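The sequence and the model come first.

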Amino acid sequence: MKGIAFTFDAVFALIIAASIIPVFLLFSIDNSSEVINERLALQAEDAIDVMSRIHVKDVAKEQVINDLYLAGELADSDLNRTVIELVTSLWASNNSLNNTRAQNITQQILGKILPANAKWSFAIEDEKIYDTGGTFVSTATASRRIVSGFRKGRPSAGYVASAFLTNIG
């Protein structure tokens, strides 16, 4: 009789455990998507922060920057600008060659910061400067910075443009 009672207790405990484990798994899946969203948001924020804080002179050895400097396209005064200011000024020139230069700088700098498997785009005033391509199927996040003194097709003084990294995922 005692053996039957212990068997029923064990079966009952197994049923309870089997019922509770899927609930824990369900909550852990929800938390993992939140963790993924948080990580992507941090990566986007870090990437745009690097573009906003690092000066051109700090990345002067990057091929695209070095080529522009050696060709005389970048002056010594440009070396003290931040990378985001350089990219925004190239965009604001409303010149297709400078837009290509802005794309190349963005690709080379952000391409080294963001994971290789991440899909991302960098835009100024809703105009994509660079896009890794593909569709964003899972999680998307954005990070923004205001860059003042730039307006497309205008002299670089007295205007505000916003640059942002979108759809990292």
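Contact here means heavy atoms within 4.5 Å. The structure is a predicted model, in which local features need pLDDT of at least 70 and side-chain atom pairs count only at pLDDT 80 or more, while totals for chains, interfaces and linings use all residues. Residues are numbered from 1 along each chain as its sequence is written, and side-chain values use heavy atoms, with hydrogens and water left out.

**Confidence and layout**

The predictor's confidence in each residue, pLDDT, runs from 0 to 100. The chain averages 77, and 64% of the residues score at least 70. Confidence is lowest in strand E4 (residues 160-166), with a mean of 57, and highest in H2, at 91.

Helices (H or I, at least four residues) and strands (E, at least two) are DSSP runs, numbered from the N terminus. The chain has four helices and four strands, arranged along the sequence as α-α-α-α-β-β-β-β. Among contacts between residues at least 6 apart in sequence, 63% join residues at least 24 apart.

**Burial and the nonpolar core**

Relative accessible area is computed with a 1.4 Å probe on protein chains only; buried means under 20%, exposed over 50%, and partly exposed in between. Of the 169 residues in the chain, 32% are buried.

A nonpolar core is a set of buried Ala, Val, Leu, Ile, Met, Phe, Trp, Tyr and Cys residues joined through side-chain atoms within 4.5 Å. The largest such core has 28 residues, and Met-51, Ile-65, Val-87, Ile-105 and Phe-122 have the most contacts inside it. H1, H2, H3, H4, E1 and E2 each supply at least two of its residues. H3 gives the largest share, seven residues. In soluble globular proteins, nonpolar side chains tend to be buried together.

Which residues does Thr-106 touch beyond its neighbours within four places in sequence? They are Met-51, Val-87, Gly-111, Trp-120, Phe-122, Ile-129 and Tyr-130. Thr-106 is placed in helix H4 and is buried, at a relative accessible area of 0%.

**Packing of H2 and H4**

Two packed helices are described by the angle between their axes and the distance between the axes. Axes are lines fitted to C-alpha atoms, for helices over the stretch in contact, and angles run from 0 to 180 degrees between N-to-C directions. The axes of H2 and H4 come within 9 Å and cross at roughly 140 degrees. H2 contributes Gln-63, Val-64, Ile-65 and Leu-68 to the contact, and H4 contributes Arg-101, Asn-104, Ile-105 and Gln-108. These residues divide into four nonpolar, three polar and one charged. In that division Ala, Val, Leu, Ile, Met, Phe, Trp, Tyr, Cys and Pro count as nonpolar, Asp, Glu, Lys and Arg as charged, and the others, Gly among them, as polar.

**Salt bridges**

A salt bridge is a side-chain nitrogen of Lys or Arg within 4 Å of a carboxyl oxygen of Asp or Glu.

| Pair | Closest N and O atoms |
|---|---|
| Lys-112 and Glu-62 | 2.6 Å |
| Arg-101 and Glu-73 | 3.2 Å |
| Asp-78 and Arg-81 | 3.3 Å |

In the salt bridge of Lys-112 with Glu-62, Lys-112 lies in helix H4 (residues 96-113) and Glu-62 in the loop between helix H1 (2-53) and helix H2 (63-70), so the pair ties together parts that are 50 residues apart in sequence. Lys-112 is exposed at 59% relative accessibility, whereas Glu-62 is buried at 18%.

For the salt bridge of Arg-101 with Glu-73, the partners sit in helix H4 and in the loop between H2 and helix H3 (83-92), so parts 28 residues apart in sequence are tied together. Arg-101 is buried, with a relative accessible area of 15%, and Glu-73 is partly exposed, at 43%. Asp-78 is buried, at 14%.

**Loop residues**

Most residues other than glycine have a negative phi. Glu-125, not a glycine, has a positive phi of about 50 degrees. Glu-125 lies in the loop between strand E1 (121-124) and strand E2 (127-131) and is partly exposed, at 40% relative accessibility. Asp-126 is in the loop between E1 and E2; phi of Asp-126 is also positive, near 65 degrees. Asp-126 is exposed, at 70% relative accessibility.

Asp-58 belongs to the loop between H1 and H2 and is partly exposed, with a relative accessible area of 48%. The C-alpha atoms of Asp-58 and Leu-79 are separated by 8.2 Å, with the two residues 21 apart along the chain.
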